[in-house]
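Reader: I am new to this structure and would like to understand the terms used for it. Could you take me through them step by step?

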Amino acid sequence: VQLVESGGGLVQAGDSLTLSCAASGRTFDGYRMAWFRQAPGKEREAVSIIDQGGVSAYYADSVKGRFTISRDNAKKTVYLQMNSLKPEDTAAYYCAACAYFSINAIDYAHWGQGTQVTVSS
């Protein structure tokens with residue numbers, strides 16, 4: 001599966017932003033989809049993961065209550081709605097696909113190219 005992210009940008013603290021990740025290939029609904037982020041000098045961390053049916057989701061503690069992940073299997077697209085953005089949310093955000101649940105980037109074989117989110121204070 002090939003993944004292409006979009007929707008990043010420069011926003012102010014408190015603003016909202018929605019990231020999209022469009023997938024190509026036949027087996028999109030066979031994958032759990034995840035959003036990771038990586039800030040300069042830091043490890044890539046799992047932000048949110050959604051199951052194949054879009055029923056259950058995982059959120060990192062740092063984004064719980066502010067971010068919402070969703071997917072549209074008909075459109076082969078996964079979204080990350082980000083509200084109440086903070087400067088510490090500044091990072092490159094990556095979409096990734098995995099057949100099973102994992103918060104470890106090493107387990108993901110399919111990645112997008114990333115989209116930059118910058119939150120100014």
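Predicted model: local features only at pLDDT ≥ 70, side-chain atom pairs only at ≥ 80, totals over all residues.

Reader: What makes E2 and E9 partners of E11?

Author: Two strands pair if at least two bridges are found between them. Strand E2 (residues 9–12) and E11 are joined in the parallel sense over four bridges, with Leu10 opposite Thr118, whereas strand E9 (residues 91–98) runs antiparallel to E11 and has three bridges to it, Ala92 being the bridge partner of Gln116.

Reader: Why is the pair of Phe36 and Tyr108 called edge-to-face?

Author: Ring centres must lie within 6.5 Å, and planes over 60 degrees apart count as edge-to-face; the centres of Phe36 and Tyr108 are 5.0 Å apart and their planes stand at 75°, so the pair is edge-to-face. The pair links distant parts of the chain, with Phe36 in strand E4 (residues 32–38) and Tyr108 in the loop between E9 and strand E10 (110–111), 72 residues apart.

Reader: Why is Tyr108 counted as buried?

Author: Buried means under 20% relative accessible area, and Tyr108 has 4% relative accessibility, so Tyr108 counts as buried. Phe36, at 0%, is therefore buried as well.

Reader: How do you know that a charge sits over the ring of Tyr94?

Author: The distance limit is 6 Å from the ring centre, together with an angle limit of 35 degrees from the ring normal; the charged end of Arg44 sits over the ring of Tyr94, 3.8 Å from its centre.

Technical notes: Residues numbered from 1 in each chain as written. Heavy atoms only, no water. Helix = DSSP H or I, 4+ residues; strand = E, 2+ residues; numbered from the N terminus. Phe/Tyr/Trp six-rings, centres within 6.5 Å; stacked < 30°, edge-to-face > 60°. Buried < 20%, exposed > 50% of the residue type's maximum accessible area, 1.4 Å probe, protein only.
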